[in-house]
Amino acid sequence: MTLQTAERPRLAPPAQLPRTGRGEKGRVSRWQIWVPLALYLLFTLIPFYWMLVFAFRPRGSTSLLPWPITFENFETVWNDLSFALFFQNSLMVGIASLIMTTVIALAGGYALARYEFRGKRLFMIGMLCTQFIPGAMMLIPLFEIFRTIGLVNSLWSLVIAETVFQLPLSLILISGFIKNVPVELEQAAWVDGCSRLRGFFAVVLPLLRPALVAVGSFAFIHSWNNFLFALMFVSEQEKFTVPVGLAYTLGEFSVDFGALAAGGVVAAVPVVLVFAVIQRYLVQGLSAGAVKG
């Protein structure tokens, strides 16, 4: 007796799904992408190239290449124009603004993310509305406040002003990031005997590194580049910051383009270094803080 095996039914080939999109004629070729990007990159980098040319080539030279390379302009800026002191002042203001903005935004962001209180939504709307107010409109009120409390011609006036203007965005970013951290992690720490503060430092804070890097970097860079506050609140030359010091390299009847370009290179180096170090954390911190938890 022979057993007959039933033939396995053949599966029909999957149906071809209709193509969606613009088809062959609607495809964008590579040159249509790379050419605009190359033009934009060229438009962006040419000013930086000219700055480097003027900074490194000898005075009186009209060469399009910085050759032979000289550091005479940097010596003039750093020693003769007191740029070392301006650099130190900007560094102090930037670091102090970074610390104050990060600490206050961390405490306020945790409260906004974990607690419910009356007027919370109105408070968030108010913080967003402050971003539409330009800093120039607040110069006179801030100057009067600092004059009353004796902070005119003090670097602390710059630190306080920068912290106040950076706090709204920093609070929103950190609160959005904390909302994405499951509260069950903190509850597990509480069950193990941790207080709320200890649980925050042990569980939540290590997960906030991208958000803290994003907030701190923005606070530092904004305070480093700010010109208006430093010009209005500080009048003593030994307390000038780098942007104000650059402005004072412009003479009344002549401009030393080599010294001005060298000062621009000195001012740009810290910003470039900060972005080179934090770029991998910056996008993650901004995207995580923008997600609604």
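1. A salt bridge is taken here as a side-chain nitrogen of Lys or Arg within 4 Å of a carboxyl oxygen of Asp or Glu. The model is predicted, with local features requiring pLDDT of at least 70, side-chain atom pairs counting only at pLDDT 80 or more, and totals for chains, interfaces and linings using all residues. Residues are numbered from 1 along each chain as its sequence is written, and side-chain values use heavy atoms, with hydrogens and water left out.

2. The count of salt bridges comes to four. One of them joins E116 and K120, whose closest N and O atoms are 3.4 Å apart. Burial is classed by relative accessible area (buried under 20%, exposed over 50%, partly exposed in between; 1.4 Å probe, protein chains only). E116 is exposed because its relative accessible area is 70%, whereas K120, at 11%, is buried.

3. A further salt bridge links E144 to R147, with 2.7 Å between the closest N and O atoms. Both residues lie in helix α6, three residues apart, or about one turn of the helix; helices are DSSP runs (H or I, at least four residues), numbered from the N terminus. E144 has 37% relative accessibility and so counts as partly exposed.

4. K239 and E236 also meet through their side chains in a salt bridge (3.8 Å, N to O). K239 is partly exposed at 27% relative accessibility, and E236 is partly exposed at 30%.

5. How do the axes of helices α4 and α7 cross? The axes of α4 (residues 83-114) and α7 (residues 155-179) come within 6 Å and cross at roughly 35 degrees; they are lines fitted to C-alpha atoms over the stretch in contact, with angles running from 0 to 180 degrees between N-to-C directions. The residues of this contact divide into 18 nonpolar, nine polar and three charged.

6. L91 is located in helix α4 and is partly exposed, with a relative accessible area of 33%. Although L91 and S223 are 132 residues apart in sequence, their C-alpha atoms are 9.2 Å apart in space.

7. The loop between α6 (139-149) and α7 contains N153. Phi of N153 is near 65 degrees, a positive value in a residue other than glycine. N153 is buried because its relative accessible area is 18%.

8. F71 lies in the loop between α2 (30-56) and α3 (72-80). At 51% relative accessibility, F71 counts as exposed.

Conventions:
Helices (H or I, at least four residues) and strands (E, at least two) are DSSP runs, numbered from the N terminus. Ala, Val, Leu, Ile, Met, Phe, Trp, Tyr, Cys and Pro count as nonpolar, Asp, Glu, Lys and Arg as charged, and the others, Gly among them, as polar.
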